[in-house]
Amino acid sequence: MLSIVIDEEKCSGCALCVEGCFVPCLALDESKKKAVVVDRDGCLVCRTCEDVCRSKAIKIVFADWPGFPQDRISRVL
Ligand code: SF4
Ligand code: SF4
């Protein structure tokens, strides 16, 4: 299953991923100043959000591939 994982400790709330996602799957939680997922199922796996995030706080991963290195998944897709 596809997961959009946001590391809240790394997320600066810059909203670049929100602006870059044209679905949109992401939004900014104004109270927490963190990106949040609002439509995981609409994700096109374009990886724009990963590319624009300067904090490396967001990753697209496939949670049902147990044991497969998540960093490698990001590279091969
Ligand atoms: S681009 Fe990265 S740091 Fe900025 S809001 Fe999105 S996840 Fe957070
Ligand atoms: S991979 Fe593309 S469609 Fe999916 S959340 Fe990131 S920017 Fe949006």
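Colleague: How many salt bridges does the structure hold?

Modeller: A salt bridge pairs a side-chain nitrogen of Lys or Arg with a carboxyl oxygen of Asp or Glu within 4 Å. This predicted model holds 4 salt bridges. One of them joins the side chains of Lys-32 and Glu-8, with N and O 3.2 Å apart. That pair links distant parts of the chain, 24 residues apart: Lys-32 is in the loop between β2 and β3 (34–37), and Glu-8 in the loop between β1 (2–6) and α1.

Colleague: Is Glu-30 buried or exposed?

Modeller: Exposed means over 50% relative accessible area. Glu-30 is exposed because its relative accessible area is 52%. Its salt-bridge partner is Lys-33, with the closest N and O atoms 2.9 Å apart. Lys-33, at 43%, is partly exposed. By contrast, Glu-50 and Arg-47 are both buried; their salt bridge has its closest N and O atoms 3.0 Å apart.

Colleague: Which residues form a nonpolar patch on the surface?

Modeller: Residues of a patch must have over 30% relative accessible area. Here Phe-22, Val-23 and Leu-44 form a nonpolar patch, with about 310 Å² of accessible area together. Val-23 has a relative accessible area of 33% and is therefore partly exposed. Val-23 sits in the loop between α1 (16–20) and β2 (26–29).

Colleague: What surrounds ligand 2?

Modeller: The residues around ligand 2 include Val-23, Leu-44 and Arg-47, as well as Cys-21, Cys-25, Cys-43, Cys-46 and Cys-49. By class, this shell has 10 nonpolar, 1 polar and 1 charged residues.

Key. Residues are numbered from 1 along each chain as its sequence is written. Chains are lettered from A and ligands numbered from 1 in the order in which they are written. This is a predicted model: local features need pLDDT of at least 70, side-chain atom pairs count only at pLDDT 80 or more; totals for chains, interfaces and linings use all residues. Side-chain values use heavy atoms; hydrogens and water are left out. A residue is near a molecule or strand if one of its heavy atoms lies within 4 Å of it. Ala, Val, Leu, Ile, Met, Phe, Trp, Tyr, Cys and Pro count as nonpolar, Asp, Glu, Lys and Arg as charged, and the others, Gly among them, as polar. Patches are made of residues with over 30% relative accessible area and no salt bridge: like charges are joined within 9 Å, nonpolar side chains (Val, Leu, Ile, Met, Phe, Trp, Tyr) within 5 Å. Accessible areas come from the Shrake-Rupley method with a 1.4 Å probe; for residues, only the protein chains shown count as cover. Helices (H or I, at least four residues) and strands (E, at least two) are DSSP runs, numbered from the N terminus. Buried means under 20% relative accessible area, exposed over 50%, partly exposed in between (1.4 Å probe, protein chains only).
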